[in-house]
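Have a look at the sequence and the fold before reading on.

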Amino acid sequence: MGFHCGIVGLPNVGKSTLFNALTETAAAEAANYPFCTIEPNVGQVAVPDPRLERIAAIAGSARIVPTTLGFVDIAGLVRGASKGEGLGNQFLAHIREVDAIIHLLRCFEGSDIVHVEGRVDPVADAETVETELMLADLESLERRVPVLEKKAQGGDREAKAAARILGDARQHLREGRPARHAGPRDATEARLLAAAQLLTTKPILYVANVEEASAATGNALSARVAAHAAAQGAGAVVVSAAIEAEITGLPPPERGAYLASLGLAETGLVRIVRAGYALLGLLTFFTAGPKETRAWTVRRGATAAEAAGVIHSDFEKHFIRAETIAYEDYVALGGEARAREAGRLRAEGRSYIVEDGDILHILHGA
């Protein structure tokens, strides 16, 4: 199961620099001119989780395998993208394929880096991109809703449900609000809204890219971004893409001291990965043994059978039960054997809802 966050924004806000730092590669060309990124670059980033090493030490594992989150560097949007300006149609299609949006905003001054609209105003930049996404969604729904309404009049029950929820989304867009504010009344409408793949229903995280001196505290521009995010019911993170790029060029032993010299406890990238993981409503469960300790990703609310399917599709089909130990019990009791003796290992059926940090042993008939 793969989850991907798309990094979007206007040209020259630091998307490719941030992507390079996230993936510690030079896969995306970073250059001081618009549209240097034409095809979206994709990188898998390990989700930082200190629990992995503790579990592996107790289990005596030979190796550790973290779970990952995908990041997609999507080329810069410009005003008029919904009508094909810049490389709009191509860029919008790439956004449609990701699970969540990381909206990078320029929160630093500097005449040496060109701003595509000739000014530094992160909230205006956010509104420019969001308007283009809303216009693209509205154009799509203006075509689709009348077709659904006609089918609904003919007695098609699913078309009736789709016409209502997508009609509500269309009305929100007409009023200048993203489609994520349309409230599905039940699971069917939620499924139909998700199936529509609207750009403005995707969860969003705003990332304020500040100058190096403001990496620890933020600045006036990043404060405006935080206020805008709060008004949208979204999250916000402050980073300095320039610092993150410098960190990736340092040997790992030197990184902590460098961060400390800047007043930072952890990298901005760690905060982005963690926030992206939370943005998608994900949790981590673990499998542990002598060969390896591995972290796995599922959506919150996933059942034990669905978690088994993440490990291998046959495990879900032939699921028998899951032996489950909470992370806190596993650590406090020193592993599986003592957890079993203490009665803290539970046998759970296929409908058990997996909790974050569960250590699972899947029994199956495959």
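What follows goes from the whole chain down to a few of its parts.

## The chain overall

First things first: this is a predicted model. The chain has 366 residues, and 49% of them count as buried. Its secondary structure comes to 14 helices and 12 strands.

Take the contacts in the chain between residues at least 6 apart in sequence: 70% of them join residues at least 24 apart.

## The nonpolar cores

In soluble globular proteins, nonpolar side chains tend to be buried together. Here, the largest nonpolar core has 48 residues, and the members touching the most others are Leu-18, Phe-71 and Ile-272.

Phe-71 is worth a click. Leaving out residues up to four places away in sequence, Phe-71 touches a list that includes His-4, Cys-5, Ile-7, Phe-19 and Leu-22. Also among its contacts are Asn-41, Val-42, Gly-43, Val-45, Ile-102, Ile-272 and Val-273. Apart from this core lies another one, of 19 residues, with Leu-138, Ala-163, Leu-192 and Leu-193 among them.

## Helix 1

Just past the end of helix 1, Glu-24 has a positive phi of about 50 degrees.

## Helices 8 and 9

Which way do helix 8 and helix 9 run relative to each other? Helix 8 (residues 241-248) packs against helix 9 (residues 252-261) at an angle of about 150 degrees, and their axes are 10 Å apart. Angles over 145 degrees count as roughly antiparallel, so that's the label for this pair.

On the helix 8 side, the contact uses Ile-243, Glu-246, Ile-247 and Thr-248, while helix 9 brings Arg-255, Tyr-258 and Leu-259. Sorted by class, that's 4 nonpolar, 1 polar and 2 charged residues.

## His-361

Now to strand 12 (residues 359-364), where you'll find His-361. His-361 has a relative accessible area of 40%, so it is partly exposed.

Not counting residues up to four places away in sequence, His-361 touches Arg-321, Ala-322 and Glu-323. Ala-347 sits 14 residues from His-361 along the chain, and the C-alpha atoms of the two are separated by 9.6 Å.

Conventions
Residues numbered from 1 in each chain as written. Predicted model: local features only at pLDDT ≥ 70, side-chain atom pairs only at ≥ 80, totals over all residues. Heavy atoms only, no water. Core = buried A, V, L, I, M, F, W, Y, C linked by side-chain atoms within 4.5 Å. Buried < 20%, exposed > 50% of the residue type's maximum accessible area, 1.4 Å probe, protein only. Contact = heavy atoms within 4.5 Å. Helix = DSSP H or I, 4+ residues; strand = E, 2+ residues; numbered from the N terminus. Axes fitted to C-alpha atoms, helices over the stretch in contact; angles between N-to-C directions. Parallel < 35°, antiparallel > 145°, perpendicular 65-115°, else oblique. Nonpolar A, V, L, I, M, F, W, Y, C, P; charged D, E, K, R; others polar.
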